[in-house]
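The sequence and the structure are shown first.

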Amino acid sequence: MNILLIGSGAREHALAWKLADSPSVSHIYAAPGNGGTAGIPGCTNVPIAVDDLRALRLFARDNRVELTVVGPEVPLVAGVVDDFASDGLMIFGPSRSAARLEGSKAFSKDFMNRHGIPTGWAQVFTDFEDAADFVLGLDDLPVLKASGLAAGKGVLLPESQEEAVEQLIAMMVHRRFGDAGTTVLVEERLQGPELSVLAFCDGENIRLAPAAQDHKRLLDGDLGPNTGGMGAFSPSPLATSEILYTVEHLVLRPTLSGMASEGAPYRGVLYAGLMLTDRGPMVLEFNCRFGDPEAQAILPLLQSDLVELLLACANGSLAGHEPVWSSESAVTVVMASDGYPDSYETGKPITGLPDGLAAGGGTLVFHAGTKVEVPSVGSGEEGAGTVLTDGGRVLSVTATGEDFRTAVQSAYGAVEQIHFEGAVWRSDIGAHVARSQ
């Protein structure tokens, strides 16, 4: 089976690694891929942008691709699934209508309210002055959210009303997040620990992955600006059987039935970002794809065939499929470029990388923002090329172990062996869980 994998981050490297493990796979094409996917045996990077839907579809058709797997949200929201389906091509992911759960936070909030799915209150604004007046009239500080896609950085937590107005100016007047911030949600700031629950869906049936916890803030102790994610661990000890039952029956199943009733059956991965409040689990946001870095922590725990699972979602046969998960613990530490999530330099050589993925001790190094600089012909230099930084989040170092203490030690042991100029990472990913064991 030929597979096309769309995307270029650490999530896609993890997906390529797990897909390649299936005996049914003959070749994987990663579009555009990165320095890590280029090193997987049987995987070829192809220079097609994730939002060039026509080129992606024609490539899949011309290269006899039997399954396409979509990593990032941008092509899903743009309608890549609809485009492929119109040409009779099998693809894993939600349709454009279903992907509105992530593509429009305004739609998502309204959908949850229509279907009684627990979430905080929110007001939607397209006019800055109306939004500012509303914020200044609140007794408590809100959360500000860009309604559109903002690469995981469109959620702001002001520390004062004045700061909230400044952030509204940045979003709605100065267009900090481009078109994503033309519509803004002023939302209730819920209190409690966060939990990420990912569910595989075929439009009617669901299968839960082990729950994870993400670390969104840049600095230790959950300080600093929000990022796309600086690390994650799975399974979360917060995800008791009672919590998971509540999430499945009050959040996930009502979401699937609600989308189906509105003519947009949901197939793919549904990611529920939750806060465990004193009122019970409440939805902060939905994502329409594998999380990043959650995928890097969850996929190494999957013991059964990922291809079979994705096909069951895509063709509506999930009812007869039960994925098998390891009982081990997994921890992912993100190594980023200095200056992320704002401006940063790229092109820094990376040393200390393992040959291939495995760094020993149950540790894997997934590439995110990397590229390979291949020596020019006749340069006299030998080797396959130098791996350079090529993004804000550069690497996801993932370790599995019999408990979190082992996984944390292995992950940070591998991080210490890898070097590039300006490398930054959090030193407390999963630390509180490891200390409790």
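## Basis of the model

The model is predicted; local features need pLDDT of at least 70, side-chain atom pairs count only at pLDDT 80 or more, and totals for chains, interfaces and linings use all residues. Residues are numbered from 1 along each chain as its sequence is written, and side-chain values use heavy atoms, with hydrogens and water left out.

## Helix packing

Helix H7 (residues 128-136) and helix H8 (residues 161-173) pack with their axes 10 Å apart, at an angle of about 165 degrees. Helices (H or I, at least four residues) and strands (E, at least two) are DSSP runs numbered from the N terminus. Axes are lines fitted to C-alpha atoms, for helices over the stretch in contact, and angles run from 0 to 180 degrees between N-to-C directions. H7 and H8 are therefore roughly antiparallel to each other; angles under 35 degrees count as roughly parallel, over 145 as roughly antiparallel, 65 to 115 as roughly perpendicular and the rest as oblique. From H7, Phe128, Ala131, Ala132, Val135 and Leu136 meet Gln161, Ala164, Val165, Leu168, Ile169, Met172 and Val173 of H8, where contact means heavy atoms within 4.5 Å. The residues of this contact comprise eleven nonpolar, one polar and no charged. In this classification Ala, Val, Leu, Ile, Met, Phe, Trp, Tyr, Cys and Pro count as nonpolar, Asp, Glu, Lys and Arg as charged, and the others, Gly among them, as polar.

The axes of H1 and helix H11 (residues 306-314) come within 8 Å and cross at roughly 105 degrees. H1 and H11 are therefore roughly perpendicular to each other. Leu15, Lys18 and Leu19 of H1 meet Leu306, Val307 and Leu310 of H11; by class, this contact has five nonpolar, no polar and one charged residues.

## Cavity and pocket

The count comes to one cavity of 30 Å³ or more, and the largest cavity has a volume of about 60 Å³. On a 1 Å grid over the protein atoms alone, a cavity is a set of points where a 1.4 Å probe fits but cannot get out, a pocket is an open set with protein on both sides within 12 Å along at least five of seven lines, and lining residues have an atom within 4 Å of a point. Grid points are joined across faces, edges and corners, and a volume is the space filled by probe spheres set on the points. Residues lining the largest cavity include Lys105, Lys109, Lys145, Glu187 and Glu285. H6 gives the largest share of this lining, four residues, and the lining as a whole has five nonpolar, one polar and five charged residues.

The second largest pocket holds about 440 Å³ of space. Of the 21 residues that line this pocket, Gly35, Gly39, Pro354, Gly356 and His367 lie nearest its centre. Helix H1 (10-20), strand E20 (363-367) and strand E22 (386-389) are the elements that give two or more residues to the lining. By class, the lining of the second largest pocket divides into twelve nonpolar, eight polar and one charged.

## Backbone geometry

Most residues other than glycine have a negative phi, and most peptide bonds are trans. The peptide bond from serine 234 to proline 235 is cis, with omega near -5 degrees; proline 235 is in the loop between strand E15 (231-234) and helix H9 (241-261). Tyrosine 340 and proline 341 are also joined by a cis peptide bond, with omega about 15 degrees, and proline 341 is placed in the loop between strand E18 (329-337) and strand E19 (358-360).

Arginine 64, a residue other than glycine, has a positive phi near 50 degrees. Arginine 64 lies in the loop between helix H2 (53-62) and strand E4 (65-70).
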